[in-house]
Structures are given as C-alpha cells and as structure tokens.
Amino acid sequence: MNEKQRLEAQQVESTNSSDKKSAKDYSQYFETVLQAPSLKDAKKRGKEEVKYHSDFQISEQFRNMGDGRKFYIRTYGCQMNEHDTEVMAGIFMALGYEITSTVEDANVILLNTCAIRENAENKVFGELGHLKTLKKERPDLLIGVCGCMSQEESVVNKILKTYQQVDMVFGTHNIHRLPNILHEAYMSKETVIEVWSKEGDVIENLPKVRRGNIKGWVNIMYGCDKFCTYCIVPYTRGKERSRRPEDVIQEVRQLAAQGYQEITLLGQNVNAYGKDFEDIQYGLGELMQEIRKIDIPRVRFMTSHPRDFDDRLIEVLASGGNLMNHIHLPVQSGSTEVLKIMARKYTREQYLELVAKIKAAIPDVSFTTDIIVGYPNETEEQFEETMSLYREVGFETAYTFIYSPREGTPAAKMEDNVPMEVKKERLQRLNSLVNEMSAAAMKKYEGQIVEVLVEGESKYNPEVLAGYTSKSKLVNFKAPKTAIGKIVKVRITETKTWSLNGEMVEELVEVN
Ligand code: SF4
C-alpha cells in the first residue's frame, strides 16, 4: 500500500468513525485484512479436491522486510505446532529476520497456540496480558497469535475486544501467508486477521529451520475427519489431506543425508494417510515400507487412531529394521458405552483385538496411550473397565486427563455430570496404576544392554548425558560428549518409574 492509499484509508476511518463496520473495512486497500474464522464453515466437509501448491516463494517486495529485526516464537501444545514453528522460523529467516530467545529483544513476537484444553488457552491469554507492558514501551513491536486457538471464533472475538496489543491473528491454514500478514500488520493500525476456515490445501516447499539436528519431524498429513466429540482439532486443522508420498520420501531422504538419526512422521491421525488420494491406493503401510529402505536409523509415527490401523501397516511394522517397536495408540476409555459417546468409532473388544493382532505380529512391541477420565455419564463401572483394559493391554505409560468441556465441541453441549471430586479420585487411581505399570516395565531393563540415541546433556546434570531407547525410555548415563547425536549401547544399572540409569558399554559405529 502506498502513502496515498494509507492516507485515504485513514480518511475513511475518520469520516466513518460513527459507523463501526465501515471504519474497519480496509479490505479495499489491503489484500486481506479481516477474515475471521467461522466454526460453521469449519464443520463442513465438502468433496472439494485438495490442491497441492509447490510454488511457494518469498515475493521480491518482502525480501528485506526483516533486515535489522528479530523474531521470537513461543510454542504451546503438540508436535504439529512445534513443527509449524519450525516452518514459520524458516519463513522469518527467508525474510531476513534474526532469531532471538528473549521477548525483550524481539521486534516480532508470535504465540503459536494450542486449543486442546482450556488451561492451555488461559496460559496464552495470561501471556498476552504480560506482553501489554512491552507493547506500551515499544509501540513498534508486533505481537501475533497463531495456531489452533486462532481458528476459534470466540478467541478471535475476545482478542479483538480485550487484547488490543495484538497486531495480527492468523490461522493454521495461513502459515504460508506470513510475509503478507506481517506486511499488512506493519502498514495497518487495526488488528490484521487472516484465518481461513476452508478445508485446507497442501503447501510444499516451505522453508524450515529445524530445532536440532538429531531428530526431525516430517508432516505426512494434515487435519482430521474423525470428529471425536471432545476434540476441537477437526475444526481447527481442517479436513484430512495427505502429502504426496514422493514429497514425504524426498524430505526423509534429505534428513537422512543431513545425518538425522530419527524421524517422526506426523499427523493428527496418521493411520488415515492416503485415504484421500483418488489416483492411487496408498496407505501408511506403503509409505513406511518405502521409508524403511532409507538409511535413517529410527522411524516413528504419531498420532495413531485405532480405527484406521490396518493389517498392511502391522505387516510392514513387523518387518522391523528402522521401524521402532513402540506404538502410541490412544484408547481414551475402556468402556464401549463411553467410547460411543466419545464417537471414537470402535469398541473395547475391537481395540483389544487390534492390540492382540499387533502383539502377535510384533512380540516385542510396547504400547502407550492417552486416557480421559470423568467423561459425561461415565459411571464407576465404566471407569473400572478403563482400569481393567489398561492392565489387559499392559500399557507401559499413558497421558491421563480429567475431562473438561471445550467450547465448540459436541461434548460441550452434554451435561458435565461427573463431579470434580469423583473425576480427581478416578484420575488418582488411574495414575497409581500407570506409575505401577511403568515401574514394572522399567524393572525388566535391569542389567540389560539397550541402544540409546543420545540427545544431549541431562536437564538436571550437565555431567550426565540423556537419550531414548527404541521404546522411548529415557536413559541417563555418563559418557563423553562425543556420544551426543549417536546411537550407543548402555548397560542399565538402575531402574526408576520414569527413567533408567546406566553406563555406556561401547559406541556404535553403524546401526542397521
Ligand atoms: S482422532 Fe479424534 S481426538 Fe484425534 S484429532 Fe481427530 S477428532 Fe481429535
């Protein structure tokens, strides 16, 4: 926008100051200024074809936008968000910005948010409150909110009403538009909002700045079509759409060539990979079959949905090699009745059948899971079914949560009728079982030699190194720093509930 347009825009604002709607309508001057999310639109799942864009590039006019400026991104939530942050950092760097680790030093601050729990949202609003002082001291500072929270209408409305220090809000489908959004935020006095509620496309070739050079994340698909009744993700991340196998394979090959030791294939529901392809029959099993041929020592995937976990995938996982023998398989409840209310689309029996099938094919497999306690209508007997299923599967650990309603989800309309003290008591009982079974799983490692991918110094003691086994068990041990980034053999000398202690036996030169 040139100066003339800017002055005209200001004039429009002042002449229409009594007319709030037109005062904010800058759309004739900007490419996009106010495009707010709509939950109603996000619920729609049309037959519209997924579009693949591989022509991302930084427009000439934005190339030096970041010269002399620094950016800071705070990330909340899951690995998908962590990986989105890597992409946004890549875009910032391509624009000429420098990275900084403190908000005080930053010219642009982004909060990459998570909407999964109300608690996570409150943290973000708290952080925005703190940033208000900084914005007052430095009005030229840009503050942005992105990620899943920004896909929610209520959040955007709250920001517009209460958090005027926010300069831009953009959604999970708009990350590739960051250069344009920044440009408009610099030019506009209004909060720039760009949140597409459309089902989503696949954008390739986005720059990335990966955190670390040992483990890497690779998105294989986006979105979710499952609509579990407690979950906001299908509304915030759009419909299920898979990246083309050749693009995924090429990215994994590049990471292997750069010396990465482990990759995790990411998606909200990775087992649905390929279901949206119309021209080829290709699922996660086929993709893993290709990836297992690539020279990268460890390959993982998350998150799995039991319903889409098919026989082909089990067959490929059973062939081992670089495919890890640890499966995170969220069950959420052990009661068929509760699973039905959750709309998980499987029964207790079907889940157990799947576990039995996987165990038969991969005898050495370990399972971990996610569980919600105190779902609407959950009875004591139904909760006990979760406890018995936990024992029956022999989970090695779990992420456990008390149910709390998320605005915009179907469950939020159900009566939250399990009293909080009952929920807490159930969670405590479940957690005791989780601890007991985790400690028992760890005990089996006493005296064993395990392979550990060494990630760095222990958080609590720089003299000690820390890393993970193939089954994702944390191991602390003394070894020279040269072991960092390698897979080494460690003899376990002590087992705890959540970690193992040991001593290095030898450095592995090569891992098959
Ligand atoms: S599978 Fe269910 S819980 Fe997982 S992201 Fe989709 S809707 Fe949410």
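**Terms and their grounds**

Author: Helix H9 (residues 245-257) lies across E10 and E13 and runs at about 170 degrees to E10. Axes here are lines fitted to C-alpha atoms, for helices over the stretch in contact, and angles run from 0 to 180 degrees between N-to-C directions. Helices (H or I, at least four residues) and strands (E, at least two) are DSSP runs, numbered from the N terminus. The model is predicted: local features need pLDDT of at least 70, side-chain atom pairs count only at pLDDT 80 or more, and totals for chains, interfaces and linings use all residues. Residues are numbered from 1 along each chain as its sequence is written.

Reader: What makes E10, E13 and E14 a sheet, and in which sense do the strands pair?

Author: Two strands pair if DSSP finds at least two bridges between them. Strand E13 (residues 262-266) and E14 have five bridges, in the parallel sense, and Ile263 stands opposite Val299 in E14. The three strands form an open sheet in the order E10-E13-E14, with parallel pairing. E10 (215-219) and E14 (298-302) each have a single partner strand, so they stand at the edges, with one side of each left without a neighbour in the sheet. From one strand to the next, the twist averages 25 degrees.

Reader: Why is Ile296 called buried?

Author: A residue is buried if 20 or more other C-beta atoms, placed from the backbone, lie within 10 Å of its own, exposed if 12 or fewer, and partly exposed in between. Ile296 has 20 such atoms within 10 Å, and is therefore buried. Its place is in the loop between helix H10 (284-291) and E14.

Reader: Which residues does Ile296 contact, leaving aside its neighbours within four places in sequence?

Author: Contact requires C-beta atoms, placed from the backbone, within 7 Å of each other. By that criterion, Ile296 is in contact with Val252, Leu255, Ala256, Tyr260, Ile263 and Asn322. Asn322 is 26 residues from Ile296 in sequence, while their C-alpha atoms are 7.0 Å apart.

Reader: How do you know that the buried residues of H6 line one face of the helix?

Author: In H6 (residues 153-162) the buried residues are Val155, Val156 and Ile159. Seen down the helix axis they fall within an arc of 100 degrees, so they line one face; the arc is that of the directions from the helix axis to the C-beta atoms. Asn157, Lys161 and Thr162, on the other side of H6, are exposed. The cover over the buried residues includes strands E6 (142-147), E7 (168-170) and E8 (192-194).

Reader: What makes E6 mostly covered?

Author: Six of its six residues are buried. E6 runs parallel to strand E5 (residues 108-113), joined by six bridges, and Gly144 is the bridge partner of Leu110.

Reader: How are H14 and H15 oriented to each other, and on what value does this rest?

Author: The axes of H14 (residues 380-393) and H15 (residues 420-443) come within 11 Å and cross at roughly 10 degrees. That makes the two helices roughly parallel, since angles under 35 degrees count as such, over 145 as roughly antiparallel, 65 to 115 as roughly perpendicular and the rest as oblique. Phe383, Thr386, Met387 and Tyr390 in H14 meet Arg426, Leu430 and Leu433 in H15.

Note on methods: Two residues are in contact if their C-beta atoms, placed from the backbone, lie within 7 Å.
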